[in-house]
Amino acid sequence: MSSELTAFFYLVAAVLFVLALRGLSSPVTSRRGNQLGMLGMLIAVAATLLGNDMWASGYVLIVLGIIIGGSIGIFIAMRIQMTALPQLVAAFHSLVGLAAVMVGAAALNAPEAFHIGTVGHIYAESLTEMSIGLAIGGITFTGSTIAFSKLQGIMRGAPISFPMQHPINLALGVLAVLLIVIFVATDSQVVFWLLAVLSFALGVLIIIPIGGADMPVVISMLNSYSGWAACGIGFTIQNLALIITGALVGASGAILSYVMCKGMNRSIINVLLGGFGSEGAVVGPGGAAAADRTVRSGNAEDAAFILKNATKVIIVPGYGMAVAQAQHALREMADTLKAEGVEVKYAIHPVAGRMPGHMNVLLAEASVPYDEVFELEQINNEFATADVAYVIGANDVTNPAAKTDRASPIYGMPILEVEKAGTVLFVKRSMATGYAGVENELFFRPNTMMLFGDAKKMTEEIVQALGR
């Protein structure tokens, strides 16, 4: 295949990637967006294999790699629970970062194969692109691995800090820039691997101080990093498809990170400095312990009676719903209420769950109609007209302290104003704090009824009670 024809197919793939991102911006068109993205990737891979001599010289290894990688991918896709998507995404990001490091090493050792020079004399611009892609890829690999470990529960989700943390990170960042300059000037294998090791260390040190409450931002940020790593390596090996794809992923991830930070009323610098999301805090505003305050609790029968007599119900899902895998029971409850003439809507906070869009994916899996799901800005003013707000595992994003307590770490974060509903039914296992480590003032409001127990079991019991 000629280089002109290869470039044409890369352009077609790029257009499909743009259309894929456009489709993924809405739940209604997300399936089509995924299909267009897969088609674009198929075209890009085929054009790359047929556009040069790598297929003829190494087709056995290429086919073997496709079979092994494809088999692992299919196995994971068939077995993964929808609730585990955040850690799956983090794991995939780590592989993108590692791939960038490996491709950079291959280009350094065989520059003539990538037309970027010869051994011992690689073009300066290629060395610059290679080193930047290497650094971002290394940070993405270990950073995503730490994020996966926190999400999977392999390591604790609370921030991990140590003395002189920020000055050390700053010093390592400056050293990384210095190593990039030295590598471009010397083309040294030793400097290349020193930079790789330093990038791996930076990835760990940047992510460990970030707490569980910031995981949605971390996921989108690492997504952006993986894109820029791919883009940098794309420049190194002169692959137009990789450059375009990496730039799209990097830019969209950066925009998404901004949206997530805006949803938490925080800056990306504040997130990277870490410290938000410490676990174990049990003291609320004013220093009053939870044990000294009155909480009204009920059971499934009480909740069913309140819901059955409501005119309008707004459901607020959170990570507790994901852990209990209660989305199908929740939809069944909503269908039962709608059959009784009750208006039902779903309210989604931008940072609900462990990754952007986590709740939307779970509700879509349960076949919840798209036109019943609303974002914070669209539905917040409707809580005042709702008879019931059914909160299922959404803690920090419903905490009124974000509006009233200036000493709270979540102060200023836009929240779903469920406290304005006539009655708040809050499904939760216990009075424990959420990822932000802040006691929820909503638990003690006179219009709140706590429903203690597993979210799925409690919702199923409510459905049974509604049927009686």
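Is Glu419 buried or exposed? Glu419 is buried, with a relative accessible area of 12%; here buried means under 20% relative accessible area, exposed over 50% and partly exposed in between, using a 1.4 Å probe and protein chains only.

A word on the model comes next. This is a predicted model, in which local features need pLDDT of at least 70 and side-chain atom pairs count only at pLDDT 80 or more, while totals for chains, interfaces and linings use all residues. Residues are numbered from 1 along each chain as its sequence is written, and side-chain values use heavy atoms, leaving out hydrogens and water.

Side chains of opposite charge can pair when their charged atoms come close. A salt bridge is a side-chain nitrogen of Lys or Arg within 4 Å of a carboxyl oxygen of Asp or Glu, and by this rule the count comes to 10 salt bridges. Here are three of them:

| Pair | Closest N to O |
|---|---|
| Lys345 and Glu382 | 2.8 Å |
| Glu419 and Lys403 | 2.6 Å |

Let us start with Lys345 and Glu382, which form a salt bridge. This pair links distant parts of the chain, 37 residues apart: Lys345 is in strand β4 (residues 343-348), and Glu382 is in the loop between α15 (376-379) and β6 (388-392). Helices (H or I, at least four residues) and strands (E, at least two) are DSSP runs, numbered from the N terminus. Lys345 counts as buried at 15% relative accessibility, and Glu382 is buried at 16%. Both belong to a network of salt bridges that also links Lys312 and Glu343.

Now to Lys403, which is partly exposed at 36% relative accessible area. Its partner Glu419 lies in the loop between α16 and β7 and Lys403 in helix α16, so the pair ties together parts 16 residues apart in sequence.
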